[in-house]
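Please read it alongside the sequence and coordinates.

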Amino acid sequence: MTWLPVHPVRATARAVAVAGCVALVAVLGACSGSKTPAVPYVAPQGVSEKEIVFGTHQPLTGPAAAGYSKIAAATKAYFDYVNAKGGVHGRKIIYRIEDDGYNPANTQTVVRKLVEQDKVFAILNGLGTPTHSAVLSYLKDAEIPDLFVSSGSPAWNQPGKYPGTFAFQPDYTTEAKVVGHYLKTASAFAGQKICSFAQDDDYGASYLTGLETGLGTPVTARATYVTSNPNVAPQVDKLRDAGCDVVVLATIPSFTARFISTAAKLGWRPQYVAAYPAGEYGTVAATLGDEKDLLEGMVGAGFLPAVANVSDPWIKLFTRINQDFNGGVAFDGHVLYGMAVGYLVVQVLQKAGREITVDKLIATLEKGGFRGPGLVPFSYSATSHAGYAGVRLSKVTGGVQDYFGPAYVTDAGSAPVTEYTEATATPPDSGIPSA
Amino acid sequence: MNRILAGTPTIVRRAGWAAVLVLAGVATTFVLPAGRIFPFSQFVVYLGAAAGLTVLMGLSGQLSLGHAAFMAVGGYTMAFTQNALYERGFTVAPPAGGSGRFASAAPPVAALWTLPVSLLAGVVAAVLAGALVGLAAARLRGPYLAGVTLTIGIAVPSVTATFAVLGGEQGFAVQVPRRPSWLAADIATEAQWRAWLALVATAIMLAVLANLSRGPLGRDLRAVRDDEVAAALAGIPVARTRVLAFVVSAASAGLAGGLYVYLTGTVLPGYFSFTTSLFLLLAAVLGGLGSLAGAAWGALFVVAVPIATAELVGALHAGPALAQRLAGNLPLALLGLALIVVTLTARRRPRSPGWRAVRSLGRRGQDGRTPSGSLHPSAEDDRKVGAAP
C-alpha cells in the first residue's frame, strides 16, 4: 500500500508514511495483502493518514439559531467520543462548524471557505432549505460529497443531477403522506373536516402535496402565512369559519405557537397535527410559556426515539455522551438529531473502509443497510438519495410527547403507506458502529 | 503618469487605468490563499454596486436606500437569460477531469459567450427599473425619496421570495459557463477564473462611470445638485438629468447583481436582501460619498470586517457559548462603530453634497450649499483639502 496524497508533501512526510507502512507490514504480516489493488490508493481532499475532515454550515446566530444551534455541537460531541476511542480506521474525525446565520449569502462564503481553504472531505448536515440550496450546485461542480442535509426538502434526492447529495430526515412529502394516511384511516377522525395551515413556500407546498396524497382527497380549507407577517388571526378565522375539526400545521415552531395561541384567544381549540419541523414539544412549549397546556393531545411525527423515553438504549447512550463530551447541555430533540447524524457518519466510514474515496463513499451509501437509532430505515439506493423512509406518530399527553401505534414507511412518489414492523436496532456496547 | 500620457485622449487613459486595475486584481488572485478568492470576488462585485451608488448620492445628491433591489433586477434577469440560452442548446462539453459518479452526472455547460449576453440583459433590465424609479424620484426630495427607495429595497426581495416562478425563497440554479478547457487547472482554478471575469466587467464599468461623471453628464448632475433653478436657467433639463443619474446607478447595480449570480451559480432573494442595501450604503458612506476610490475602501471594509472578526473570535479560543454569541454580532457591532467613528472624524467627507442627502433625512429643509463633491476635485477643492484640519 503506497501513500500518494493528491497534494505533494515533503519527502520527509512521505518517508514517515512509508515507515508507518513498513511497521504495519511487520504487525499485520501484509501491507497490501494478496489481493493487491491495481491502482495505488490516492487519498481525496480532507483525508490524511491521521484525520478525516468534515465541515458544516449552521445557524449559530440569527432567527433560526434557537434550538438548531445545538445540532452540530452534538454531532461533534459524538465524533469526539469516537475519537477518544481511537477514531475510525485510525483516523480522527475533525468537524469544522461555520456560522451562516441562516443567510444564504453567508452560506456561499462559509462553504467555499470550508472547501477551498479548510479542504474538507465532505460537507455534512448543512442546515436549512434556502441556505443549502445556495451551495447545492457549487458542491456538485467541486465534486465534494454533500451528506445528510438538515432539511426536509425533496430537492436533496436527485441522484442523477446531484450524485453526491444525500438527505437525512424524511422529506416533507413522505412525512405528510403518512400523516394523511393516518388521518384517513384512524377511526377517531372519521368524517372530520381536515384543514391545513402552512408556510407559503417549498416546505408548506410539498407537505400539502403529501398530505392530500395520503388523505386521498383535498383538505377542506387551507390557509397559509409568510414569516414576515406575524398576525395569523385572519387565517384562524378562515379555518374556523370553514368548520375545520383538525388543523394540520406545516409551520415553523414560532408559528405553531402563534396559531395555537391566537385560536385559543378566539375561543377555538381544534385537534392539531404538527409536522416534524413544527412540533418539537420542548421548543413550542417554551414559546407558549404559560399556555403550553394548549398542546395537550397534539399529534406529531418523528423518526428518532422519543427524548422522554429515558429507558431507550439509544437515549441512554447519547445522554451519556452528551454528559461527557457536550458539557451536559439540556438533552432535547436537537441534541438527539445531531448524535444520530454522527452515528450514521461513523457507520458509513466504517463500511467504506480505510481506503476511502468520494466514489467509494457514494457507492457505500447507495448500497444501504444502515441501522441506527432510527425508527424506520433509510431509503438510500442507487436511484434514491432520500433519507429516513417514513415516520411514527406521536401525541402529547400530560406534557410528554411520546409515540403511539406502528411506524410507517412510504416514499415521496406513488408508493403506498405501509406499516414497518421490523424491530428497531440496539446500539453496540461500545456505542460505536462496526463495519 | 498623467504627464506622460498628456497627449493621449482621456478615454484611452481611463482604459489604461482600467487595464492596470484588472492586472493588479488578477495578480491578487495568485497571492491570496485559495479560500480568500471568493471573498475577493465579492469585494469586486460590491465595489461595482457601491461605485454606482456613490455616483448617485455624491454627484446627483439623490438617495437610494434600496440599491440591492436593482442588483436583484439585474441578477434575476441575468439568471433567466442564462438558463434560456442554455436550454436553447448553446452549450459546450463539460470540463474534463470529472471523476466517477460526478463525471457520469456532468451535463454540458453553457458556452462562454452567453455570459456577456446575459449580463447585458441584466443591465438593460436594471436600466429600465432605474428609469422607472428615477421618474418617481425626480419629483421627490429627502425623506420622501428615502421612503420610496426603502420600500423598493424591502419589497423586491419579498416579491422574489413569494412567487414560485422566481424560485421562491430557495431561488434556482443558474447554468453559468465554466472555466474554458484551455486554461489548465494547475494554472488557475474555477474561482480565480470567475474572479477575473468579475474584475474585467467591473473595471469596464468603473471606467465608464469615471468618464460619465467627468463629462457633460457629470457637469449637469453637479449643476442640478447644487442649484436646480440656476441649472434650469442655464438650459439643463433638470428632471431628465436626475432620472439619468438613477439610470446610470441602477445599471452598475444591475451588472453587479448579474456578476454575483455568475460567481455563485445560483440566484436567490437572500443575496439582495435589505441588509445588502444597507451594506452598500455603508460602503459608499464610509469611503466618502462621491469618491470612486472611496467606494473601493468601503466595499473592502464591508467584506473584510466580518471575515476578520470571525477569525479573531476563532483565534480567541473563547468558550463555545461566548463564541456563539460573538460570531454573528461582533462584525455588525464593528461596522456600526466604524460608521460612527468615520462620521465624527472624517470632517471633509460628511460635508460632501451626498452627505446632505443623508443628513436631510433627519433635518428637512436644511440645505447648506457646498461646492462640488470629492469625485471631482477642482483646484478650489484641492486647496480646501490641504487646509482641512
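A salt bridge here is a side-chain nitrogen of Lys or Arg within 4 Å of a carboxyl oxygen of Asp or Glu. A:Glu422 and A:Arg371 form one, with their closest N and O atoms 3.5 Å apart. The model is predicted.

- A:Glu422 counts as exposed at 52% relative accessibility, while A:Arg371 is partly exposed at 27%.
- A:Lys76 forms a salt bridge with A:Asp80, with 3.8 Å between the closest N and O atoms. Both are in helix α2 (residues 65-84) of chain A; they are four residues apart, so about one helical turn separates them.
- A:Lys76 is partly exposed, at 33% relative accessible area, and A:Asp80 is partly exposed at 25%.
- A:Asp237 and A:Arg240 form a salt bridge at 3.2 Å between the closest N and O atoms. They are three residues apart in helix α8 (residues 233-241) of chain A, and therefore about one helical turn apart.
- A:Asp237 has a relative accessible area of 30% and is partly exposed; A:Arg240 is partly exposed at 31%.
- Over all chains, a search of the whole structure finds 15 salt bridges.

**Interface of chain B and chain A**

- In this interface, 31 residues of chain B contact 34 residues of chain A.
- The two chains bury about 2,800 Å² between them, and 52% of that is on carbon and sulfur atoms.
- Five residue pairs are in polar contact between chain B and chain A (both at pLDDT 80 or more).
- On the side of chain B that touches chain A, α2 (37-59), α4 (100-104), α10 (238-264) and α13 (320-345) of chain B each supply at least two residues. The residues of that side comprise 13 nonpolar, 13 polar and five charged.
- One salt bridge is found across the interface: the side chains of B:Arg178 and A:Asp141 meet at 3.4 Å, N to O.
- B:Arg178 and A:Asp141 also belong to a network of salt bridges with A:Lys140, B:Glu190 and B:Arg194.

**Nonpolar cores**

- The largest nonpolar core has 91 residues, of which B:Met71, B:Val267 and B:Phe272 touch the most other members. α2(B) gives the most to this core, with 16 residues.
- Residues touched by B:Met71, not counting those up to four places away in sequence, include B:Val45, B:Ala253, B:Phe272 and B:Leu280.
- A second, separate core of 62 residues includes A:Val88, A:Ile356, A:Val358 and A:Ala407.

Conventions. Residues are numbered from 1 along each chain as its sequence is written. Chains are lettered from A and ligands numbered from 1 in the order in which they are written. This is a predicted model: local features need pLDDT of at least 70, side-chain atom pairs count only at pLDDT 80 or more; totals for chains, interfaces and linings use all residues. Side-chain values use heavy atoms; hydrogens and water are left out. Contact means heavy atoms within 4.5 Å. Buried area is the accessible area (1.4 Å probe) that two parts lose on being put together, summed over both. A polar contact is a pair of N or O atoms within 3.5 Å; within protein, one must be able to donate a hydrogen and the other to accept it, and residues adjacent in sequence count only if both atoms are side-chain atoms. Ala, Val, Leu, Ile, Met, Phe, Trp, Tyr, Cys and Pro count as nonpolar, Asp, Glu, Lys and Arg as charged, and the others, Gly among them, as polar. A nonpolar core is a set of buried Ala, Val, Leu, Ile, Met, Phe, Trp, Tyr and Cys residues joined through side-chain atoms within 4.5 Å. Buried means under 20% relative accessible area, exposed over 50%, partly exposed in between (1.4 Å probe, protein chains only).
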